[in-house]
Amino acid sequence: MVLLQNAYGRLPYSGEFVMRKITMLQTAYLLMLSNGISSHVIVLPILLQTAGRDAWISVVCSAVPLVIWIILLYSIAKSMQGQSFADWLRQKLPVPVAWALTGFFAMYLYAIAFISLKDTVNWTKTAYLPNTPLFVLSVSFGILCIFASGAGIRALAVTAGILLPFVLLLGLFVMTVNFQFKDYSLLLPLFTHGYLPALKSMAYEMGSFCELVVLLFIQPHLAGKVRLVPLMVLAFILLELTLGPLMGAIAMFGPFEAAAQRYPAFEQWRMVSMGKFFTHLDFFSIYQWLSGSFIRISLALFLIADLLKLGKKEGRRSLYLRHC
């Protein structure tokens, strides 16, 4: 008990979120896991279904608006000067408008958590627990995320720092081993159906970058100031987390088969084989998926409570349990 209090300031659900602050590097860990699962699960199939072979070039072209978006986020974070997002809104806008925007962003975070939990549970039941009721999967994973969010953002950041290296190593592993099945000539020719599909796909990719707005919610918990160059580096890493699996899916399955798959990034695990004796290594994808979903849902729940200033035990518990 004493060790937990020293690490987190207070125990989960024991009052206000009085936690030590986190570094920008730890923030990058959180966002790479959180946004990574979004890129692989939610955005990737939409890009392929919208633009097919041209999806990868739309991701490359979205780098330009991404730079503009990062500069805008940096300007807002600099203007906040360490304040919470809700307090900053109340300073800049009339109170009713500020509360309306705060509520909107809280609902946005709630949607992130809900959709992530739903996708995770559906994939779990489809992939490896077909006989387990959805209710049991939802409640068990939801309760785990609730208690993780209650431990605070520093605990989440430390957990992300432990989980992320193995997620990245597994990603490099599946990419390297599957080179034998890839034909990158399938990435060409481009724009065989005109430019409109690529532009639509680019809009979807840019929409996924809107999630980086959570930087403004995390900013009061940062130990130092937000700096532009680390933000740019983080943004392009997140861009690569979409581009790499997208190009790999097209090169391995072709644009039409990849677009027909529900989870093209994770279907690549089914192709992994090392000789005659090492096959069916797709169970590693379970670790990748659950790591990203766990951080994504827990972080969203923490930020909802933090944004709405739900410091009391009863308020936070009721909000979290309604999510389940």
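Residue numbers start from 1 along each chain as its sequence is written, and side-chain values use heavy atoms, with hydrogens and water left out. Because the model is predicted, local features need pLDDT of at least 70 and side-chain atom pairs count only at pLDDT 80 or more, while totals for chains, interfaces and linings use all residues.

Start with empty space. Rolling a probe the size of a water molecule over the atoms shows where such space is left. The search runs on a 1 Å grid over the protein atoms alone. A pocket is an open set of points with protein on both sides within 12 Å along at least five of seven lines. A cavity is a set of points where a 1.4 Å probe fits but cannot get out. Lining residues have an atom within 4 Å of a point. Points are joined across faces, edges and corners, and a volume is the space filled by probe spheres set on them.

The largest pocket holds about 670 Å³. Its lining has 27 residues, and His40, Gly171, Leu241, Pro245 and Gln288 lie nearest its centre. Helices α2, α8, α11 (228-253), α13 (264-267) and α14 each supply at least two of the lining residues. Here helices are DSSP runs (H or I, at least four residues), numbered from the N terminus. By class, the pocket lining has 17 nonpolar, eight polar and two charged residues. Nonpolar covers Ala, Val, Leu, Ile, Met, Phe, Trp, Tyr, Cys and Pro; charged covers Asp, Glu, Lys and Arg; the others, Gly among them, are polar.

Helices α2 (24-51), α6 (95-127) and α14 (284-307) give two or more residues each. The largest share, four residues, comes from α14. This lining has eight nonpolar, two polar and two charged residues.

Move to the surface. Val158, Ile162, Phe166, Leu169, Leu172, Met175, Phe179 and Tyr184 form a nonpolar patch with about 760 Å² of accessible area together. Patch residues have over 30% relative accessible area and no salt bridge; nonpolar side chains (Val, Leu, Ile, Met, Phe, Trp, Tyr) are joined within 5 Å, like charges within 9 Å. A salt bridge is a side-chain nitrogen of Lys or Arg within 4 Å of a carboxyl oxygen of Asp or Glu. Areas come from the Shrake-Rupley method with a 1.4 Å probe, and for residues only the protein chains shown count as cover. Val158 lies in helix α8 (residues 153-177). Its relative accessible area is 41%, so Val158 is partly exposed. Buried means under 20%, exposed over 50%, partly exposed in between (1.4 Å probe, protein chains only).

Two pairs link separate parts of the chain. Cys61 sits in helix α3 (residues 55-61). Its C-alpha is 9.2 Å from that of Leu199, 138 residues apart along the chain. Ser138, in helix α7 (residues 134-150), is buried at 19%. The C-alpha atoms of Ser138 and Lys118 are separated by 7.7 Å.

Finally, the backbone. Most residues other than glycine have a negative phi, and most peptide bonds are trans. The bond from Leu188 to Pro189 is cis, with omega near 5°. Pro189 lies in the loop between α8 and α9 (196-208). Phe191 is in the loop between α8 and α9, and its phi is positive, near 55°. Gln81 also has a phi near 55°. Gln81 is exposed, at 71%.
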